[in-house]
Amino acid sequence: MSRRSPNGIPFLFEDFNLVSDSVLPRFAEPIQNVTVTIGKDALMACVVENLRNYKVAWVRVDTQTILSIHHHVITQNPRVSLSYNDHRSWYLHISNVQEIDRGWYMCQVNTDPMRSRAGYLQVVVPPRIVGGDSTKELVVRESTEMRLECHAEGYPEPYVMWRREDGKDMNYNGDIVNVVDGEILHMSRVSRLHMGTYLCIASNGVPPSISRRVSLKVQFPPMLSIPNQLEGAYIGQDVTLGCQTEAFPSSINYWTTDNGDMIVSGEKYETSSSDDGYSRFMTLKIRNVTSRDFGSYQCVAKNSLGETDGVIKLEVYFAQQLSFFQLIQKRRCHFFRSSTEGGDEGLTDWAKDLEDGALNTSALEKPGEKPPVALSLLITSSSVKAVSISVSEIPSPLSRTTAPTFVAVDKKWLRRWAGIVRAETMERPRKAFDRRGFESGKGGGVVSWLADLLSHS
């Protein structure tokens with residue numbers, strides 16, 4: 001039976017020669033510790049000088065397993081091999097290293113007493129996320145508790161952290177953070193702002209680090225906001241109404257008219273929407289606006305958790321100068337222009353009649369005269385606040401005063417324009433104007449379209 005060294009490791013050889021230390025073998029250098037990633041190959045070197053007739057062996061310390069003696073491999077492990085060089089360097093090869101190979105390895109020389117050196121083989125394992133224990137997708141209701149889990153293993157033990165895939169900060173239980181340490185991401189009250197993709201990242205210094213995408217979906221009923229609840233438009237122009245909605249699951253969005261009819265895209269209307277996550281901006285384009293298009297429009301959003309709606313009112317656009325009516329007399333044209341303020345149902349009715357092609361000009365005729373011709377009218381509101389008259393020759397019954405910049409208007413003459421202007425609502429029987437502004441006076445009816453003479457040419 002072989003003798004054992006004081007540390008319990010067996011002597012592999014008997015001592016046939018007892019000689020002085022000066023001629024005994026000695027280790028030229030320590031055995032270097034080796035770190036290798038699992039699956040790679042490991043090489044441990046033992047350099048002995050003055051070996052002479054002594055022999056070298058490799059031993060696994062923790063299991064006291066003899067791996068090789070001199071030129072021969074003893075172990076049955078096929079991944080272990082031996083090489084040597086010039087009777088001086090002895091190399092232990094371990095291929096496809098596994099975690100079970102981690103430990104101390106000793107190089108022995110059969111002197112008396114035995115001489116040896118040991119080195120440590122460290123086997124490191126890159127992080128790996130354990131799929132069965134990790135959340136891949138979580139769906140929760142808004143304002144409830146949320147918990148994401150991600151478990152990783154490796155050697156050394158991996159460090160695990162959470163962050164948003166888009167790199168944005170997150171509100172983590174009241175704190176604004178970019179990264180959360182640990183395998184569990186827990187939020188006591190989740191909101192739609194937390195919705196998104198999160199990365200569980202595991203690292204332990206052994207490349208590569210690994211990550212897993214975890215999707216968080218937060219369900220909530222539709223919510224709606226309207227940038228402009230009151231829109232204005234000119235007759236004849238195109239106008240676009242907009243509505244912003246948020247919902248998850250995604251909502252069904254549509255537009256309705258005043259009477260609840262659903263609006264579909266066609267020659268008159270064009271509906272569209274653009275999505276950004278759980279947010280959607282929906283638009284309604286109304287082409288060639290007419291007086292019939294003014295009123296309320298409703299945008300509606302529905303999902304399985306609820307529904308909501310909002311109203312946008314489309315009105316005649318304020319502060320547009322209009323071509324009010326054109327009188328043709330003596331082949332000279334005289335224009336009345338107006339912008340708007342206050343209420344005037346008469347003007348609105350006249351505009352509608354004109355649009356429908358039903359304007360009756362017979363009331364404007366004088367016996368024996370050709371009727372004045374009303375060519376165009378663009379209404380921007382149901383009222384008039386100012387009038388501008390451009391005259392080359394003032395037609396009767398308009399009378400020019402001695403000063404060329406003054407114009408006088410007779411209420412009796414205006415009454416002949418019933419259906420265009422409700423003159424009877426005016427409380428000023430006669431007023432004088434010039435380009436410097438309105439000559440102040442008391443009164444003023446619902447229709448105050450002669451409030452100011454803006455220009456005269």
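The model is predicted. Three disulfides are counted, and a search of the whole structure gives three aromatic pairs.

**Disulfides**

- With bonded cysteines counted along the chain, the disulfides follow the pattern 1-2, 3-4, 5-6.
- Cys 46 is bonded to Cys 107, with 2.0 Å between the sulfur atoms. The S-S torsion of this pair is about -75 degrees, so the disulfide is left-handed. Cys 46 belongs to strand β3 (residues 42–49) and Cys 107 to strand β9, so the bond links distant parts of the chain, 61 residues apart. Both Cys 46 and Cys 107 are buried.
- Cys 150 and Cys 200 form another disulfide, with their sulfur atoms 1.8 Å apart. A torsion of about -75 degrees about the S-S bond makes the disulfide of Cys 150 and Cys 200 left-handed. Cys 150 is in the loop between β12 (146–149) and β13, whereas Cys 200 is in strand β19 (residues 196–203); the two are 50 residues apart. Cys 150 has a relative accessible area of 1% and is buried; Cys 200, at 0%, is also buried.
- Cys 243 and Cys 299 are joined with a sulfur–sulfur distance of 2.0 Å. Cys 243 and Cys 299 are both buried.

**Strand pairing**

- An open sheet of five strands runs in the order β21-β28-β27-β23-β24, with mixed pairing. Its edge strands are β21 (230–233) and β24 (262–263), each of which pairs on one side only.
- Within this sheet, β23 (residues 252–256) pairs with β24 in the antiparallel sense over two bridges. Trp 255 has Ile 263 of β24 as its bridge partner.
- Strands β7 (residues 80–85) and β8 are antiparallel and share six bridges. Asn 85 is bridged to Ser 89 in β8. The hairpin of β7 and β8 has three residues between the strands, and there Asp 86 adopts a positive phi near 55 degrees.

**Aromatic pairs and charges over rings**

- Among the three aromatic pairs is Tyr 84 with Trp 90: the ring centres are 5.2 Å apart and the planes meet at 40 degrees, so the pair is tilted. Tyr 84 is partly exposed at 41% relative accessibility, whereas Trp 90 is buried at 1%.
- Trp 104 and Tyr 120 make an edge-to-face pair, 5.2 Å centre to centre with 70 degrees between the planes. This pair links distant parts of the chain, with Trp 104 in strand β9 and Tyr 120 in strand β10, 16 residues apart. Trp 104 is partly exposed, with a relative accessible area of 42%, and Tyr 120 is partly exposed at 23%.
- Arg 102 lies over the face of Tyr 155, 3.9 Å from the ring centre.
- Arg 192 places its charged end over the ring of Phe 220, 3.7 Å from the centre of that ring.

- Pro 113 is in the loop between β9 (103–109) and β10 (115–129).
- Pro 156 lies in the loop between β13 (152–155) and β14 (159–164) and is partly exposed at 37% relative accessibility.
- Leaving aside residues up to four places away in sequence, Pro 156 touches Val 124, Asn 204 and Val 206. The C-alpha atoms of Pro 156 and Gly 205 are 8.1 Å apart, although 49 residues separate the two in sequence.

- Asn 96 has a positive phi near 45 degrees. Asn 96 is in the loop between β8 (89–94) and β9, and its relative accessibility of 38% makes it partly exposed.
- Asn 173 has a positive phi of about 55 degrees. Asn 173 is in the loop between β15 (170–172) and β16 (175–177), and counts as partly exposed with a relative accessible area of 42%.

How values were computed. Residues numbered from 1 in each chain as written. Predicted model: local features only at pLDDT ≥ 70, side-chain atom pairs only at ≥ 80, totals over all residues. Heavy atoms only, no water. Helix = DSSP H or I, 4+ residues; strand = E, 2+ residues; numbered from the N terminus. Buried < 20%, exposed > 50% of the residue type's maximum accessible area, 1.4 Å probe, protein only. Pairing = 2+ DSSP bridges. Phe/Tyr/Trp six-rings, centres within 6.5 Å; stacked < 30°, edge-to-face > 60°. Lys NZ or Arg CZ within 6 Å of the ring centre and 35° of its normal. Contact = heavy atoms within 4.5 Å. Disulfide = S-S within 2.5 Å.
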